[in-house]
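Have the model open as you read.

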Amino acid sequence: MLWLLLSNTALAPTWGQSKIPLETVKLWADTFGTDLYNTITKYSGSLLLQKKYKDVEPSLKIKEVDGLELVRKFSEDMENMLRRKVEAVKSLVEAAEEADLNHEFNASLVFDYYNSVLINEKDDKGNFVELGAEFILESNAHFSNLRVNTSVSNVQLPTNVYNKDPDILNGVYMSEALNPVFVENFQRDPTLTWQYFGSSTGFFRIYPGIKWTPDENGVIAFDCRNSGWYIQAATSPKDIVILVDMSGSMKGLRMAIAKHTITTILDTLGENDFINIIAYNDYVHYIEPCFKGILVQADRDNREHFKQLVDELVVKGVGVVDQALSEAFQILKQFQEAGRGSLCNQAIMLITDGAVEDYEPVFEKYNWPDRKVRVFTYLIGREVTFADRLKWIACNNKGYFTQISTLADAQENVMEYLHVLSRPMVINHDHDIIWTEAYMDSKLFTSKTQSLMLLTTVAMPVFSKKNETRSHGILLGVVGSDVTLRELMKLAPRYKLGVHGYAFLNTNNGYILSHPDLRPLYREGKKLKPKPNYNSVDLSEVEWEDQAEVLRTAMINGETGSFSMDVKVPLDKGKRVLFLANDYFFTDISDTPFSLGVVLSRGHGERILLGNTSVEEGLHDLLHPDLTLASDWIYCITDIDPDHRKLSQLEAVIRFLTREDPDLECDEELVREVLFDAVVTAPMEAYWTALALNISEKFLTAGDEASIFTMDHFPLWYRQASEQPPGSFVFNLRWADGPEGPGEPVAVTVSTAVAVTVEEKTAIAAAVGIQMKVEFLQRQFWAATQQCRAKDGQCPQSCEDSELDCFVIDNNGFILISERLQETGRFLGEVDGALMTQLLGVGVFSQVTMYDYQAMCKAPDHHHSSAQPLASPISAFLTATKWLVKELLLFLLEWSAWDSWHNRGADAKAVFHHSHKHKKQDMLHPCDTAYPVFVHQTAIQEASGAIACGACQRMFVMQQVPNSNLLLLVTDPTCDCSVFPPVLQEATEVKYNASVKCDRMRSQKPRRRPDSCHAFHPEENAQDCGGAPDTSASLLLLLLPLGACVIQL
């Protein structure tokens, strides 16, 4: 590298050397650096703070952190917290089952209850509407400041469930017995959040009671039975092959209903399930050829992929079901024998309009007499000719038969298969405890209340214990309670993990539950929205440098141990990078599918500085009005007792220390360290005040998350300073954040770390800094470049001359000072590609490739020719006719006067609306990206050379600014180097060819299966396998064939 620099310098023309004298540029850099150092040390008080820590050094201790001991302690605390949630859920299960045992079904029951949609609603006369009595709601900080009633629960029903159906009324009446248990649980454990009971009939009882608001279409789409917590608790893991009839008879509306049925089935699957979909007519074909002969995990990515492929299916030919059945049985058998898949329930879902034959020999060959694979049959359309055949298939293979005549029928009919799969568990009374993956709270996704917090839910099934229904295995529903992952992660206090350390959680499937680098939201316009795959981000996609997946494998297996790895840590939204050596410590959390990891960076990251001071002395300094505590850190627990919620953390600490409130629980170790830091830093306030600075704005603002201490990370300026050489300052531009992104650079933050060494061990004690206006930094620089060694005092050259172009950039190539103000804050390569290319070529900068496996990319355009409709008027007419008929069908679904269709229409409306809305907004999709980060090589402090730009050469000189992360660049602007393209710091999507993409999709990462499986029970009543087909008709049914013909055009 040194030879390259010298050769570059030697080759430069003599006129270039004289034009930019090296000694002058060095003088400018040294003068600028010295002036900055003097200014910053003066106003930051860094030397004073260093002295204060030096003075107390004899009383200090540096403790080496035992990572394994730490992760075990955190895990134990989390286990205790989660156990309390399980106890609450168990008490709800017992109460619900006892209430059902004592309740006799009454078909004529009349009962008023609090309907969460109707409460507090009045009619035109000012009277409360039916089921809408007065329901007192008060804002509650513990429940995200939502208006709730902590005295009683209320009941929500989706729009397509009739709120006075006898099954609903009896279930709601029975579940009233849960109210006192909800309240008692909350009183016993005030950290509990939402508690609820989801009924198998569709109603949802939630505590505390809350007002539920319909969406903009007046629809309540939430159905608790579609929730992951309900489905996982109701059934064991399952392998499913869906067979869909694609013969010509399935055209039109039948195909639309079949597609919606498949989508509904997919929505009932989770990470512990496995799936494939086979379409059949004259021949058998996998709708995803890449998945031929295998089952794939039913994670969100694969489910969404299948939905897109299902939407593209086209009917033709004649349906031959025996080949499709044989293929499905073979896949299930091969996976079972190979020890792959769920190794639990196996099922085939047959979706057809009924023209099936030659199926019995297939069952004799593959499934009888053991009947280990259940077969569920779905008859599509209103024809009943083949209903008996399909029911026979289901009943002789321990499955269930249903007929789906409309889009609105799909939801209820698909749910029947879950009840069948739950029978063995119900009959055996096995109350398995399940924990869900991370998810965002869709229970409160309404137009007025929306929670974007990540949760996990603990849930258990509720069974009927009545002897007369034992063989039927009746599932009453599921009870659950939420745990916000933020609350759980508070049990891994940030201050114990060092400057760069963190804690994280992952599931038995290897997916992230909580991680500081998990980014579940993306911006669409001015709104933040959950990413489609936010809860199926794999650990290997965040800790991506663990190429061999050693860490992932150990953690999903629930092992306890440690692992070391060199990592590149992105900072400042990917513009910068830190190179760290990290130690990972991990263990499982007992009685859950989760594992906990703790990361400590080597060196100062594994050491804690311990000081000592008296409470009296510390209190005196803690009471200073300009002292604040990190609002995100938990010094004292203030969010449980209502009397404590109004306290700030500082107020709570003071009350704890003065013993004013004996009920306060505080982290004594953290409070002790705060007292010590308050005493050591007390002289700083007097020092700063004596300087009489006119500070225009605070150094730290709550709105700038990167600049403050949070639960996830130390501030950016602190983290950067900790990796700078001792006594060196790190400069960083601060931006005025706007709604669409960063605005103008408003200030420069400058910080340095204060390190303490005790017995040859060094730890970071603090970081200190100042904030200066960009204009002040620029004035300092222009003044420094007036310096020269001329004897007469007249400097021949200056950065303000038109013959020189000067930049001050940071160690990642971002411009802090330029003669053109509009370039401030931009990346040098974007402004001057020739200069950046040369700096990379001679080794001043290196390019580091980083990866983002949570990116969102724009989908490629697939516009058809706009001339096509013009060329074919008939095609345009048919398209318009097709649209009109679809709209007519939707209108009839919504407004059909027949009572049997009244509620189904609303559900269909929600289905159509969601489909159209999804297509309209599907602008971004999850993707993998690679992006460059540019890093100054600190060993190279000066360089010069010539850039060959065709007919001319452009000179440049680079000089490190002492005691900083800044570089001074001086170039000759007279030579046009526009032939060089810009060097951009842009992310590019990683494209995979078809073969690689298929391999990635087929690959099955190691995972840990759930501990329990309930596939069959000898007392199961297999003849409870579906009712008689629904032969009712309406005007809508009579119109459907006409609609089907036009839609198929």
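Lys398 sits in the loop between α13 (387-395) and β14 (401-404), and its phi is positive, about 55°, although it is not a glycine. Helices here (H or I, at least four residues) and strands (E, at least two) are DSSP runs, numbered from the N terminus. Keep in mind that this is a predicted model, where local features need pLDDT of at least 70, side-chain atom pairs count only at pLDDT 80 or more, and totals for chains, interfaces and linings use all residues. Residues are numbered from 1 along each chain as its sequence is written, and side-chain values use heavy atoms, with hydrogens and water left out.

- For background, most residues other than glycine have a negative phi, and most peptide bonds are trans.
- Asp358 has a positive phi too, near 60°, and lies in the loop between β12 (345-352) and α12.
- With 52% relative accessibility, Asp358 counts as exposed (buried means under 20% relative accessible area, exposed over 50%, partly exposed in between, using a 1.4 Å probe and protein chains only).
- The Tyr207 to Pro208 peptide bond is cis, with omega near -5°; Pro208 belongs to the loop between β6 (204-207) and β7 (209-210).
- Going from Trp368 to Pro369, the peptide bond is also cis, with omega near 5°, and Pro369 is in the loop between α12 (360-366) and β13 (373-380).

**Aromatic pairs**

- Searching the whole structure turns up 40 aromatic pairs (rings of Phe, Tyr and Trp, the last by its six-membered ring, pair if their centres lie within 6.5 Å; planes under 30 degrees apart count as stacked, over 60 as edge-to-face and the rest as tilted).
- One of them joins Phe111 and Tyr173 edge-to-face, at 5.1 Å centre to centre and 90° between the planes.
- That pair links distant parts of the chain, 62 residues apart: Phe111 is in the loop between α5 (67-101) and β2 (138-140), and Tyr173 is in helix α6 (residues 166-175).
- Phe111 is buried at 16% relative accessible area, while Tyr173 counts as partly exposed at 43% relative accessibility.
- Phe204 and Trp229 have ring centres 6.1 Å apart and planes at 40°, so this pair is tilted.
- Here too, distant parts of the chain are linked: Phe204 is in strand β6 and Trp229 in helix α8 (residues 228-234), 25 residues apart.

**How α9 meets α14**

- Helix α9 (residues 253-266) packs on helix α14 (residues 410-428) at an angle of about 50°, with the axes 10 Å apart (axes are lines fitted to C-alpha atoms, for helices over the stretch in contact, and angles run from 0 to 180 degrees between N-to-C directions).
- In the contact, His260, Thr261, Thr264 and Ile265 of α9 meet Ala410, Gln411, Val414 and Tyr417 of α14 (contact means heavy atoms within 4.5 Å).

- Ala784 lies in helix α22 (residues 774-784) and is buried, with 0% relative accessible area.
- Ala784 and Trp28 are 756 residues apart in sequence, yet 5.6 Å apart in space, C-alpha to C-alpha.
- Apart from neighbours within four places in sequence, Ala784 is in contact with Trp28, Thr31 and Phe32.
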